[in-house]
Amino acid sequence: MNPIYAQIAKKLPSPIYKLLAQFYMDQNFPRHLFIETTATCNLSCSYCPREKIRQDMDFELFRKIINEASKYGTRSFSLHLFGEPLLYPRILDAIRYIKETNKRHVVLVTTNGTKINEFAEELIALKIDQVFWTWRTEATFNESTLETLRKWGRFRVRFIKEITPEDQYKKWSKWPNLETRSLHNYGGDIETWKFGETRSRAQPSKWEFRWPCYHLWFAPAISWNGNILICCSDPHQKEVIGKFPQMSIHNAWTSEKFKSIRDSHLKGKYAGICAKCDVWKEYPDVFFKWQKTKSA
């Protein structure tokens, strides 16, 4: 489920949301792919779990990912993991290639905003579907850029509760596209309490209070080097299913390894990177009680 649809779906009554989500699942190929076009970043955020890496995805590798995905119909793509996507030397070519391959493909970018003045008009011209800006003090916008983005309507300002100063909520209060999230722990790699977390992120003591993570049924990730990961919250590539293109995304998605991780979640058993991760809280439960088994 791509983030745009998820935001809409979360407002629906739980049973309807679950039915729609399960109808949307595709057992042959993920509906959404996180693609790390670049691991390079120009900031050093205190809550980022990733060490500094200056690596870009080979563009031919990127093309092969899109080509395989397109065989399975319309899909959505987030062109980021832990790098700043607008630092990818071929970011515009990447967006253009996706749209030329299938004009109904959905393209999303999450950015720190430091390059928006440079790219805003080109991103709009390429008909990118959504740009998410995670608020950072380092990002400053020209008045002309702000006016362009406001009229466009697909520039979403995202606040992280534990990071965003109070005065910024007031400053951006009239922006037409806003959201607020809590900081998550990236597979247990950071201790969110150090940042003054605004809600309890502790792991539940009973299975009834934790649900299977949506990433395993909708949205895996591919790192800059082609490693296929179970989700976008794996900064150190601990859960590698296979390496693309030696292993196709379809084969990874339908592999016994991926299936066993899904089965474990449905049984209330969380191991590896999932054991301490709390990103599952960002999305509602998509399964009914009868589909899950309590952990022994």
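Tutor: Contact means that heavy atoms lie within 4.5 Å. The model discussed here is predicted.

Student: What makes helix 4 and helix 5 a pair in contact, and which residues meet?

Tutor: From helix 4, the residues I91, L92 and I95 meet F119, E122 and L123 of helix 5. Meeting here requires heavy atoms within 4.5 Å. This contact divides into 5 nonpolar residues, no polar ones and 1 charged one.

Student: Why are helix 4 and helix 5 called roughly parallel?

Tutor: The two helices pack at an angle of about 15°, and their axes are 11 Å apart. Angles under 35 degrees count as roughly parallel, and helix 4 and helix 5 are therefore given that description. Their crossing is right-handed.

Student: How do you know how helix 3 is oriented relative to helix 4?

Tutor: The axes of helix 3 (residues 59-70) and helix 4 (residues 91-101) cross at roughly 25° and come within 10 Å. Since the limit is under 35 degrees, helix 3 is roughly parallel to helix 4. This crossing, too, is right-handed.

Student: Which residues form the contact of helix 3 with helix 4?

Tutor: On the side of helix 3 they are F59, F62, R63, I66, N67 and S70, and on the side of helix 4 they are D93, A94, Y97, I98 and T101. By class, the contact holds 6 nonpolar, 3 polar and 2 charged residues.

Student: Which residues of helix 4 are called buried, and what covers them?

Tutor: The buried residues are I91, L92, A94, I95, Y97, I98 and K99. To be called buried, a residue must have under 20% relative accessible area. The cover over these residues includes helix 3, strand 2, strand 3 (106-111) and helix 5 (116-125).

Student: What makes strand 6 and strand 9 edge strands?

Tutor: The open sheet has 9 strands in the order 6-5-4-3-2-1-7-8-9, with mixed pairing. Strand 6 (178-181) and strand 9 (240-243) each have a single partner strand, so one side of each has no neighbour in the sheet.

Student: What makes strand 7 and strand 8 a pair, and in which direction do they run?

Tutor: Strand 7 (residues 221-222) and strand 8 (residues 227-229) are joined by 2 bridges and run antiparallel. At least two are needed, so this pair qualifies. Within the pair, A221 stands opposite L229 of strand 8.

Student: Why is K127 called exposed?

Tutor: K127 has a relative accessible area of 61%, and exposed means over 50%, so the term applies. K127 is found in the loop between helix 5 and strand 4 (130-134). Phi of K127 is near 65°, a positive value in a residue other than glycine.

Student: Where is the cis peptide bond, and what is its omega?

Tutor: The cis bond joins F244 and P245, with omega at about 5°. P245 belongs to the loop between strand 9 and helix 9 (249-253).

Key: Residues numbered from 1 in each chain as written. Predicted model: local features only at pLDDT ≥ 70, side-chain atom pairs only at ≥ 80, totals over all residues. Heavy atoms only, no water. Axes fitted to C-alpha atoms, helices over the stretch in contact; angles between N-to-C directions. Helix = DSSP H or I, 4+ residues; strand = E, 2+ residues; numbered from the N terminus. Parallel < 35°, antiparallel > 145°, perpendicular 65-115°, else oblique. Left-handed = near helix turned anticlockwise from the far one by under 90°. Nonpolar A, V, L, I, M, F, W, Y, C, P; charged D, E, K, R; others polar. Buried < 20%, exposed > 50% of the residue type's maximum accessible area, 1.4 Å probe, protein only.
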